[in-house]
Each structure stands twice: as structure tokens, then as C-alpha cells.
Amino acid sequence: MASETTVGAMPAGVHESHGVWGFTKAQLTALVLLVAFLAIGPFFLYPVFLMKLLCFALFACAFNLLIGYVGLLSFGHAAYFGMGGYIAGHAAKVWGLTPELAIVAGAIVAGFQGWVFGWIAIRRQGIYFAMITLALAQMIYFLCVQAPFTGGEDGIQAIPRGSLFGSISLSNDMAMYWFVAAVFLFGFLMIHRIIHSPYGQVLKAIRENEPRATSLGYRTDDYKLVAFILSATLAGVAGATKSLVFGIATLTDVHWSMSGEVVLMTLVGGLGTVFGPVVGAAVIVTMQNYLAEMGAWVTVIQGGIFVTVVLAFRRGIVGEIANVFRVKL
Amino acid sequence: MDEIFGIPAPLLFGQLLLGLINGAFYAMLSLGLAVIFGLLNIINFTHGSQFMMGAFVAWMLLAWAGLGYWWALLLAPLIVGATGVIIERLMISRLYKLDHLYGLLLTFGIGLMIEGVFRNEFGSSGLPYRIPNELQGAWDLGFMFMPVYRGWVVVFALACCLATWLVIEKTRLGAYLRAATENAALVQAFGVNVPRMITLTYGAGVALAALAGVLAAPIYSVNPQMGTNLIIIVFAVVVIGGMGSILGSVITGFGLGIVEGMTKVFWPEASSTVIFVIMAIVLLTRPAGLFGRA
Amino acid sequence: MEMNRRSLLAGAAAVAAPLSRARAQATTIRLGVLTDMSGPYRDTTGPGSVVLTQAAASEFGNRGFNVEVLSADHQNKPDVGANIARQWYDQGVDVILDVPTSSVALAVNQIAREKNKVFLNSGAATSDLTGSQCSPNTVHWTYDTYMLAKGTGGAIVRTGGDSWFFITADYAFGHALERDTANFVRAAGGRVLGQVRYPFPATTDFSAFVVQAQASRAKVLGMANASTDTVNTIKAAREFGLHRSMKFAALLMGVMDIHALGLESAQGLMLTESFYWDLNDRTRALTQRVRAANQNRPPAMVPAGCYGAALHYLKAAADMGAAAAKADGRAAVARMKAMPTDDDAFGPGRIREDGRKLHPVFLFEVKSPSESRGPFDYYKVAATTPGDDAFRPLAEGGCSLVRS
């Protein structure tokens, strides 16, 4: 297996053994482009649209942590995304928490839920794992329909964005945008950091050959569970942020079709690539916006993309680009 | 004793019967999934859409060709099964050398497309389909009023499951199938056309789903999303049973139908979650499923 | 389809480009129909709402300003709906119409208020739109849960159905319908013998609940659920022979659902709507005018509401001046409330200060196949409640706009 980083990619004067935070030269270029886009994007694109995009990008990155680096396909990630949104919405609206605390609350509950579900689901692998996560997420959906605090099909409405740390008002779209961009970058870099830690190396070993990792003395189930919890927590952060952006938390975000959408985003962008989920989220979210007048064809088109990507295009957009330039992205 | 846990015994007995009927659909769907899984090693996410297609084809046969329920029972599985064969040849067969997760993603995408096309064509509120004249009416069993059609569903579903089991366990074709599941290359070396067998197996599994769809058409609303909610429950059923054995998936299907039926009497609000809870318990105690091989 | 190019424009507007202002010389009022084109409400709202809004615009004609109708699909996703609503309002859309699905409607309600535009809801059921969430920028035109409960519950008791059993979807909407209806049943002197709450949306087989209802020996089966669930409940109830001893009351069901179910199964069903195409000469005339554009079907209730609401808004805008109506959504809605309403779909009526449109409400009984003369000849009127009695009294809604 090729090593993640090459020595040549390491700029002079950096002491870490994996380059700048484990980024290769190509990845660093892509990161600079991404940050530049984040900085100038809101001046020529609609900020609310960009915020939505960033929330989904973070969600897809969290999902990618499991499929791309542990090889586990979760088909129920909407449960953590949606629950994060509900908890944050409830915390901000009913308990009056500041936005950052509301997001933390959403993340904690999503992470806890990930702990319980992960504990059950990692007993099986492959397609069984996918079916189990789907079934458990469906159970959460049913609970959210029935539970009083979610507001049933009305959802939680008029969630206040509040003031960051109690002092900086986020009601202005641009202020909110910078906050969301910061949350996204934090999550994105955190995932990258995790993958390039010694812990991340063990995850990759498990993905490549689990019996071998076990024989080397690693308790693989523990490693997988921690990855699951991290992924669920970050999905919760994404959902919580989204509910603050729009001021609403509803059943859409816990529905199984949302679990399917995040799979689609990651697949389109490139499974197991660092930037793929971001690109995939951008493509799918933009598509949904442009296709608002296409009616039921949206579902057909999404299905068609699934089929096309799986049959002809398995590396995804970023994966294909990386392949052409022979770099890792 | 005419009351059990505060529920009149006749009512309870009736509910047991209704649970069995509901279980018939779980059994037929999970049987189809198990047949496909056995040879292709993929989970057919399109199964719910193919169940729906079965019901719609029954409607089309009646509305466009004037062919009634009994023809539908014969033709709809053949037609939908044939579309399954095409899907397998054109798409699924390209993925056998890859991770099985790709098969799951592919069939999920196909399912989305089918559902979307049907919603565009037929709208979302559904289509009417009546119970055939021969099966109208009801029996008075003394303790309850039993529609003839429901009785027919149970008998027919049981017969289908039994026939499938017989084919797989007792015939030469079934022996090839089982052998190919264990070692496809070796069976191929004996001169059996394994790729064709795989294609036909997929078609047969799909046909089972369509047959369940025809059975459902007179009693449930025929609409494009009718298969989606059902299939997630069937996935849980499959996880509980483990997909190792044909008989296991049938027994689990009927059994869970009864459990769900009982929950509808004692705690109706929980009747949707009970199967998922059982799934969690089974995974914690017997990760391979009740009938599965580890 | 005629609407395609315009809706395409709407879609393009949804991301970045501002609407082109080709006819900038005259003032243009823009009506945006935000509806469900791809989900479960497509047949009862969707394209029909667009057609009927366009009918209102073209019948109104040009009285000193142009009218343009746009449409978009919110895919039943509140964030998609909110996104489109924000961008529409920012880019020159003055009125958003229809918006089925309560969660999306409540989100648009907030945005309209924040941006001082107009929101004319026809498709959503939640009575919160004129209650705790009422807004000076919103009119709720066609129906709501309270009116459905009252129209069905009280009226059926008066026709002799005085003992009820409910099959209820176990979530807020089902609970509200059951609770409100049960209150009206009791108020009219009836009794509720029991209820069963089933998990939503996970239930396809209703036989277990139907048998429980049968065992209760009630005279009326109340179905506090919607769309597919109601259809499945009715199918199961007929199969088990409940129609021999019970009346079926569907608390939320429309003419398109009856069409889907077929008269064979639906006959004898009682339900409440505020519009039916074959009510009187005016509704028949309207049907005649729009039928060709509406896929050769008569209009359903929610699209008819879009027609009435759009027409009344345009009258108010003409009355106060289009420029003034564009500039201040609150003032436009205030003018709508000040003027009496009158249209072919709902007849004369008025809009209350909490934003509730008042018009008569009908309890219908579904005809048997032999009574029906053809497709969509489905209803006969069983009872009529005048507009002032049909809706929730002003004082009970808790709307902050109402001065006590």
C-alpha cells in the first residue's frame, strides 16, 4: 500500500513527520483553493445556499470517515444528522442556549446515539451492517414522528440563531456564514487529523485486513466503535448547524432518503478521498436547487446518478481527478 | 377461560390469525431476498420497488388489457421477473468482482429510479384494485369475521414458500444452486452455465417480490411508495433470521408477523418498533441471526 | 406544458441570477406557487395549484399592472422550501401561494413576515397558521384541522352517528384531529367508545385495528389520519364488513383520494371539504373554464383555494395600487381583510383579522357506483356549516393579532 504522504511534499521548517497536518502537496493546494472559495464565495453566491452546502459537506465528510477509512457503509446516518438538528433546535429555542452550546448539545446526543447503535451494529459487517444501521435509523425516525418535542410533522420552527458566546449576533446572514465556515473547517480538519493519527493508521489496517489487525493485538471492535461515535458526533454537528442556519428542524433530516443522499454525495465526490465528500455535497445540493422545477424527476435523476457512478465512475469526481494527475486528494 | 391479559380470547385468536397474514408478506419478501443473496451475495435494495411493480402490473393488466386477478397472478411475476433479468444482465452482473456494497448501492439507485418513474406516470395517491369475485365475502369463524381473501393470502403464500423450498432442497436444479453458492468455479467446471443460473435466480427472487405485490394489490393502496416502508422492515426480518437458510427466512417472516400482530393488540403504538427492538436483541445475543451461519 | 418555461426561470432564480425585468415599463405583480410536485401531495396540490393560480391571473386580466405566475417544487423539504421562498422574495416575488406540508408552510410563514411580503396558504392543514403562529402577512384560505374536525364530528352526530371509535395516526397531527373531533362529538351529545393509535408512517396493514373497532360496536369509525393510511384503513374496514354496521368518517380526505380508492370501496364515506366542483353553477362554470388545462380533471379543493386567494389578492392590489401592494405586504393583507371576498369557487366570504378566510364548509357523503354518473361525480352534500360557525372562534386560537 502506498504511503499517505511523500517526503517531498513536506515543506521545509515543518517538524511533523506527516507534512503539514498530514496533507500532501496536492492536498495542500486543494485546501488553499477550498479556503479561498470559502473566503470569497459569499460575495458572489447566496450565503444561505453556501451555508447549506457546507453543512452537507461536513455531513458527507463525517460519513466518509466510516466508509472511506474503516470500510463500514452506514445506511442510517440521517439519524445522527437529524437528531443533532432536533437537539440543537430544542436547546436554542426552549433552553435558550447560545448557538455554540446548542451545537455541542446536538453533537453530544448524536454521539451518544452513535455509541449505542454502533455497539449493536459493529457485530456484523458489509451489507448486514448497512441493513442494521438502516433499520436502527428507521426506528429513530419513528420516534421522532411520535415524540412531542420534535413537533411531529410541523417540526421545530423559528429556532433563534442567537448570539455567538452570548455577544456576537448571528441574525445577519454574513455573520452566520463565517460561523458556519469556521465550524465546517474545524470539522474537516479534525477528520483529517484523526485519519493521520496513529489511531487512524490502525483503522486503515482494519479496513485492509481485519483478522490480521486482530492478530497483531488490536481490539478491532473498539477501534471501529470509536470511529462510529466520531462519525455520528460530527454528523450531529452538521445537522445542528443546519438547523440553526434555517431556523427549522424537521423530519426530512431524519428520513432514510437523507441517509441515501449522504451516500450519494460521498459516492459522487469519491469514497475515501479527503475532498470528495465536499465536492459531492456541492454537486448534489446545487442540483437539488436547480431541479426544483423538475418535479418527480429529481428522484429519477438521483437514482440515475447512483447507477452511473457505481457502474462507470466508481472513483467519483475527486478520485478521477486524482487518478489523472497521479496524486492523492 | 375467555380472557387473556384482559383481552377476550376470541379477539386475541383473531389477531393471531391476522398477524399470520401480515407475516405472509414478510415471509415472501424475505424469501426472495434470501434466494438472491444465496447465489449473488448482494442485498437487493430494489426489492421494495419490485413488490410495488407487481401490484402496478396487476393494475395495468386489468385496466389496459382487461386481464383480471388470476391472470395477474401468473403474468405479473413473469413480466417483473423479466425486467429483473434485464437489470441483472445489464448492470448487476458487472459488479460481481467488486465489493458487495456496490451491489447494494446500485440496486438502491435502481429502486429510486423505478419509484420516481412510477410516481411521474401514475401520481402518488394510488390506484384502485378490487378483490376478485371468487374471493369476495367472508367466513364467520364464530370468534371472528374472516375475509376469504385473507385466508387465500396465507394459503397461497405458504404454498409458494413451500414450493421454493422444495425446488432448492429437493431438485437437481436446487442442488446445482446450492453447490454454486459454495463454489461457483467448481460447478462451472462441471459444465453448468453458472452465469445463466445466477441471472435466472435473480429473476426468480424478483418474481417472488412481484407475486407478493399482486397479493397485496386488492387489500393495500397501490401507490409508488408502497414498497419502501415495508422493505426496511423486511431487512430487519432478514437480519433477525440470518440469510443462511431458506426455511429460516420463511419461519422468521411468519413468526415476526405474529409478534407484530400481538403488539398491535397490547401496545399498538409500539408495533412498528417491536421488530427493530427484536433485531437489536438478536444481534446482541446471536450476531449471525436465528438461523444464520456465522 | 405551458408552465415549464416560467418554472424553469424560477429554478434558475433559486441560485444566483436575478429575474430578468423584460417588461420593466409597467409594474408586475409576481405570484409564486410553491408546492409539492414530486411527493405524496402532488395529486391534491402540485400542478393543479399552478393551473388554478394562472387561471385567476388570466381571468383578472391587466388592470394597470402585469401579473406573472412562477412555480417551484419544495420536495416536501422545509430547507428547500425556505431557500426558494427567501430567494423569491428577495428577487421580486410578491406573493407565495399554496405550500402544502405544515413544516414547510410554517417556515415560509416566518420568512414572509420577516421580509414583509404576502403568504397565501391553501395547502397546509395546521391551524397554528392562524393561531399561535399567526402573522399579519399571512392568509390561510382553504381549510385547517379544526374545521375538518368540526365539520365532520359535530355534523355526523346530528345525523344519528352518536357513538364513535377512532383509528388514529400516532403523531401530533393525528392526535389533534382525534382530540378536536372527539370534543365536537361529545359537545353534540355523542360518545367516544374507544380509540387505537397506530404507528405512523410504518403501518400498511390495518386489519388488526379494524377488528378492534368492530368489537367496540360503535356506530361511526373515525379515521384520524391522511392519504395512503386512510385508503388502507377504508379498504381493510370494508373487507372485514364494518360498513354493514358502521358509518366511515375520514377526517382528512379529498376528491383525488376518492378517485384513487374507487367508489366501490369509498361509497358511503363521510368527509369534509370546503370546495367541490359540482356544488353550484359558479363552481361548475369555473370547472368548465379550467378543465382542459387541468389534465382534463375538475379542480380539487386546494387548487381552488389558490384560485380564490390569488384573485382576491389581485383585487386588493388593484384597489390600493400595485406599487403600494408590492412595497408593503402587510398593508396588502390588511386591504384583503378589509374587502369582502367573492369568487366562483367559494362564493361570498371574508378574511378575519387573524388571517383566517371564512366560507361555508360541507359534509359530503360519497356516492355509490350506481349513483355516480361518471368520473369525479363522487359527492352528495350531507350537511352545510356556514362560514362563521365552521372555523375556530377568534378568541380560542391564541393569535396575538387579535385584540381582546
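Two residues are in contact here if their C-beta atoms, placed from the backbone, lie within 7 Å. The model is predicted.

Q: What percentage of the contacts in chain A with a separation of 6 or more comes from residues 24 or more positions apart?
A: The count takes in contacts of chain A with a separation of 6 or more. Within that set, the share from residues 24 or more positions apart is 75%.

Q: Why does chain A count as being as compact as a globular protein of its length?
A: Chain A has 13 helices and 2 strands. For 329 residues the globule rule gives 20 Å, and chain A counts as that compact because its radius of gyration is close to this, at 19 Å.

Q: What percentage of the residues of chain A count as buried, and what box do its C-alpha atoms fill?
A: Of the 329 residues in chain A, the buried ones make up 60%. Along the principal axes, the C-alpha atoms of chain A fill a box of roughly 50 × 45 × 40 Å.

Q: Is A:Ala88 buried or exposed?
A: A:Ala88 is part of helix α3 of chain A, residues 78–93. A residue is buried if 20 or more other C-beta atoms lie within 10 Å of its own. A:Ala88 has 32 such atoms within 10 Å, so it is buried.

Q: What distance separates the C-alpha atoms of A:Ala88 and A:Ala105?
A: Leaving out residues up to four places away in sequence, A:Ala88 touches several residues, including A:Ala102, A:Ala105, A:Ala240 and A:Leu244. A:Ala105 is 17 residues from A:Ala88 along the chain, and their C-alpha atoms are separated by 6.2 Å.

Q: Which helix gives the largest share of the side of chain B that touches chain A?
A: In this contact, 32 residues of chain B meet 31 residues of chain A. Helices α4 (100–122), α9 (228–241) and α11 (274–285) of chain B each supply at least two residues of that side. By class, the side of chain B has 23 nonpolar, 6 polar and 3 charged residues. The largest share, 16 residues, comes from α4(B).

Q: Which element gives the most to the side of chain C that touches chain A?
A: Here 35 residues of chain C meet 30 residues of chain A. Elements of chain C that each supply at least two residues of its side include β2 (66–73), α3 (78–90) and α6 (172–187). The residues of this side divide into 19 nonpolar, 11 polar and 5 charged. With 8 residues, the element that gives the most is α3(C).

Q: What distance separates the centres of domain 1 and domain 2 of chain C?
A: Domain 1 of chain C covers 3–143 + 280–359, and domain 2 covers 146–273 + 360–390. In their contact, 13 residues of domain 1 meet 13 residues of domain 2. The side of domain 1 has 7 nonpolar, 4 polar and 2 charged residues. Taken over C-alpha atoms, the centres are separated by 30 Å.

Q: Which residue stands opposite C:Leu271 in β14(C)?
A: Strand β10(C) pairs in the parallel sense with β9(C) over 2 bridges, and there C:Leu271 is the bridge partner of C:Ala250. Strand β14(C), residues 361–366, runs antiparallel to β10(C) and is joined to it by 4 bridges. In β14(C), the residue opposite C:Leu271 is C:Phe364.

Note on methods
Residues are numbered from 1 along each chain as its sequence is written. Chains are lettered from A and ligands numbered from 1 in the order in which they are written. This is a predicted model: local features need pLDDT of at least 70, side-chain atom pairs count only at pLDDT 80 or more; totals for chains, interfaces and linings use all residues. A residue is buried if 20 or more other C-beta atoms lie within 10 Å of its own, exposed if 12 or fewer, and partly exposed in between; C-beta atoms are placed from the backbone. The radius of gyration is taken over C-alpha atoms; the globule rule is 2.2 Å times the number of residues to the power 0.38. Domain bounds come from an automatic or database domain assignment. Ala, Val, Leu, Ile, Met, Phe, Trp, Tyr, Cys and Pro count as nonpolar, Asp, Glu, Lys and Arg as charged, and the others, Gly among them, as polar. Two strands pair if DSSP finds at least two bridges between them.
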